[in-house]
Amino acid sequence: MTDQLRLMAVHAHPDDESSKGAATMAKYVSEGVDVLVVTCTGGERGSILNPKLQGDKYVEEHIHEVRKKEMDEAREILGVKQEWLGFVDSGLPEGDPLPPLPEGCFALEDVDHAAGELVRKIRSFRPQVITTYDENGGYPHPDHIMTHKISMVAFEGAADTEKYPEAEYGPAYQPQKLYYNQGFNRPRTEALHQAMLDRGLESPYGDWLKRWDEFGMKQRTLTTHIPCADFYEIRDKALIAHATQIDPDGGWFKVPMEIQKEVWPTEEYELAKSLVDTSLPEDDLFAGVRDNA
């Protein structure tokens with residue numbers, strides 16, 4: 001029945017889909033699930049993080065077009081569909097005090113209005129399962145937090161014809177489950193960190209763990225572990241396609257693939273809403289849904 005299963009992954013920027021849940025999506029695509037990535041912004045204000053491209057005038061002057069092409073390539077690698085929500089990147093404010101967000105950016109949009117644009121996508125695609133970010137955005141980028149807000153409103157709003165009339169937003173539809181991406185969780189990080197040290201290798205996660213302690217970050221509830229190690233290479237290839245954001249020689253790729261697959265062969269999620277019966281922990285985002293498909 002997998003031809004009837006549909007997964008929507010809601011992300012803030014191009015590249016987020018390849019760094020959060022990409023192996024999961026590739027796994028489901030391989031099983032015949034219809035997967036749609038909805039990208040809320042164009043990433044226009046994203047910094048060029050790959051040192052090999054810093055100072056490239058063409059990239060700097062055409063960052064929106066460059067990031068769109070990167071998204072196209074990553075989409076093809078993952079085998080997913082992808083659509084833009086059409087909002088403008090807010091950028092990541094830096095400094096003390098933080099500067100105001102730029103006028104017209106995604107994070108300053110009216111939440112109900114922005115959620116309405118996502119409702120259109122949900123009613124058109126009709127996913128049983130949606131993945132998004134938790135209330136902290138995974139990390140406190142204003143666009144990630146806004147993505148969380150509109151996803152929560154749209155999950156309920158897709159079935160609310162008074163708030164979002166069918167004549168304007170399409171026929172009502174109710175998704176059945178909503179998850180938060182929790183791939184950057186502490187148990188995974190500690191396990192890979194220790195595995196590297198045990199093998200006499202330098203771990204890229206020492207500073208990560210220190211920051212976790214410094215900021216007192218709370219451990220999330222990991223309800224769902226998706227076995228997807230066979231798709232880690234596809235995940236990494238899609239991530240590298242976002243060349244402005246990812247240095248292929250950087251920390252993302254310091255842990256050898258064989259160690260990753262042996263030590264932590266899953267991607268994690270936190271079940272936030274479910275309208276179907278399921279038993280935790282899960283190993284399938286569609287647990288409780290497949291019987292009704």
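Modeller: Lys20 counts as buried, at 14% relative accessibility; buried means under 20% relative accessible area, exposed over 50%, and partly exposed in between, computed with a 1.4 Å probe and protein chains only. The model is a predicted one, in which local features need pLDDT of at least 70 and side-chain atom pairs count only at pLDDT 80 or more, while totals for chains, interfaces and linings use all residues. Residues are numbered from 1 along each chain as its sequence is written, and side-chain values use heavy atoms, leaving out hydrogens and water.

The side chain of Lys20 forms a salt bridge with that of Asp16, at 2.9 Å from N to O. A salt bridge here is a side-chain nitrogen of Lys or Arg within 4 Å of a carboxyl oxygen of Asp or Glu. Asp16 is also buried, with a relative accessible area of 4%. Side chains of opposite charge can pair when their charged atoms come close. Over the whole structure, the search finds 26 salt bridges. Some residues are linked in a network of these bridges: Lys27, Glu31, Asp284 and Arg290.

Another pair joins Lys163 and Asp112, at 3.1 Å from N to O. Lys163 lies in the loop between helix 6 (142–157) and helix 7 (166–169), and Asp112 in helix 5 (residues 111–125), so this pair ties together parts that are 51 residues apart in sequence. Helices (H or I, at least four residues) and strands (E, at least two) are DSSP runs, numbered from the N terminus. Both partners are partly exposed, Lys163 at 40% and Asp112 at 35%.

Now to helix 4. The side chains of Asp72 and Arg75 meet in a salt bridge of 3.0 Å, N to O. The two are three residues apart in helix 4 (residues 63–78), which means about one helical turn separates them. Asp72 is partly exposed, at 24% relative accessible area.

Helix 4 also meets helix 10 (residues 232–241): their axes come within 8 Å and cross at roughly 170°. That makes the two helices roughly antiparallel. Axes are lines fitted to C-alpha atoms, for helices over the stretch in contact, with angles from 0 to 180 degrees between N-to-C directions. Angles under 35 degrees count as roughly parallel, over 145 as roughly antiparallel, 65 to 115 as roughly perpendicular, and the rest as oblique.
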